[in-house]
Amino acid sequence: MSAHIGELLPPTRLMMTPGPSNMDPRVYRALATPLVGHMDPWFIGMMSEVQELLRRVFQTTNRMSYPVSASGSGAIEATVVNPLEAGDEAIVCVNGWFSERMAVIGERTAATIHRVEAPYGKPVDPDDVRRAGRGRKIKFVGLAHGETSSGVLQNIDDFRKVADELGAILAVDAVATLGGVPLDVDRQRIDICFSGSQKTLSAPPGMAPITLNARVEDIVRARKAPVQSWYFDFVPIMSYWGKERTYHHTPPVSLIFALREALRLALEEGLEARWERHRQNQRALMAGIEAMGLELFVKNPADRLPTVTSVVVPSSLDDAKIRKQLLDEFNIEIAGGFGPVKGKIWRVGLMGYSSQKTNVLLFLAAFEKVLGDHGFRVPAGAGVGAAVHSYSEAAAVAAHQ
């Protein structure tokens, strides 16, 4: 006889990973509201509210702004397979696990994909993209604004210039940045931009906000062959999330409720205030990490992603054992590395609702204790002290503004 399966009681964790992040109690309340049908007149009206909130967070007037019923990886696929078909050429900037995913998806289409690569921990050089496109008719340039596998931030404006020179559309993966890092889709002239619900927006996983401009709509409508993916084809989705509201699929209704509340809270806080909160908390975290005698993986401060900080694992320590003790003893979850940096870096996320001063200080105190247990000695209170000093400096600057 099989064992009794009891009530579902997940542990309460402090999620300081590159996603998912902890959620505001108000998002939980939205998630628990009554279910309605996806063709219910009330729900259809509420869809317009979600789209308007997304436009404000993306900072765009794009008609086609909606949440893809999928994870961020689904949005990567939608972004790649819709504009690209046989005979097209595209450049994908690869400097980590997730930007490589964009290239891999592209390589499964009938288009020709040119990878322009940089090592983990460094941004792709726009001049390398320019050289790769020389003499070619490039239709699409894709990149990750924030590469969560290494904690690297890339300058979108530099790639917009190159895309203009090549006559290409610019597609931006903002999964790790939307709502936590300055991003203005219209001002920066991004043609397709997508994100994930569970990162800096602090909603449940399973939705991927996306926005595409009229140029992309025209490209997709002018395709010679149907998009290889029925589910991610923009054309029928334009009818479902457009004025017609024509049935396409059953969306995750409760996840949309939660995303609506998360977007509303982001705007209630204010985008600029939210960006500054992420900057201040990361500065304090980095100050604490360095005061503990640890090394940051991304060397150039300008290239560091404010929502994900990567830390080099000292050769004397076991990455997984440190993370396991943090989880078992303090209920704090951080992430390890992928691919070539597996076992070599820790990735500490400060995303959305998880990006709080109390979380930074708690993590540094717990981290010091765990490191000491494994023989890596840190001057008592060095990490917390450096972080407190960083917060004090930020407060002093704000007081004089």
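Some ground rules. The model is predicted, so local features need pLDDT of at least 70, side-chain atom pairs count only at pLDDT 80 or more, and totals for chains, interfaces and linings use all residues. Residues are numbered from 1 along each chain as its sequence is written, and side-chain values use heavy atoms, with hydrogens and water left out.

Rings come first. Rings of Phe, Tyr and Trp (its six-membered ring) pair if their centres lie within 6.5 Å; planes under 30 degrees apart are stacked, over 60 edge-to-face, and the rest tilted. That rule gives nine aromatic pairs. One of them joins Tyr231 and Phe232, edge-to-face, with 5.0 Å between centres and 75° between planes. Now burial: buried is under 20% relative accessible area, exposed is over 50%, and partly exposed lies in between (1.4 Å probe, protein chains only). Tyr231 is partly exposed at 32%. Phe232 is buried at 13%.

Next, Trp346 and Phe367. Their ring centres are 5.2 Å apart and their planes meet at 80°, so this pair is edge-to-face. It links distant parts of the chain: Trp346 sits in strand E13 (residues 345-349) and Phe367 in helix H12 (residues 357-373), 21 residues apart. Helices (H or I, at least four residues) and strands (E, at least two) are DSSP runs, numbered from the N terminus. Trp346 is buried, at 0%. Phe367 is buried as well, at 1%. Elsewhere, ring pairs join Trp42, Phe43 and Phe257 into a cluster.

Charges over rings, quickly. The test is NZ of Lys or CZ of Arg within 6 Å of the ring centre and within 35 degrees of the ring normal. Lys199 lies over the face of Phe98, 5.9 Å from the ring centre. The charged end of Lys357 sits over the ring of Tyr391, 5.1 Å from its centre.

Now stay with H12. An α-helix has 3.6 residues a turn, so residues three or four places apart point the same way. Contact here means heavy atoms within 4.5 Å. Just after H12, Gly375 takes a positive phi of about 90°.

On to Thr109. This residue is in the loop between helix H4 (97-107) and strand E4 (112-117). Is Thr109 buried or exposed? Buried, at 10%. A polar contact is a pair of N or O atoms within 3.5 Å; within protein, one must be able to donate a hydrogen and the other to accept it, and residues adjacent in sequence count only if both atoms are side-chain atoms. The Thr109 side chain reaches the backbone oxygen of Gly106 at 2.6 Å. A polar atom of that Thr109 side chain also lies 3.2 Å from the backbone nitrogen of Ala111. Leaving out residues up to four places away in sequence, Thr109 touches Val80, Val81, Leu84 and Gln228.
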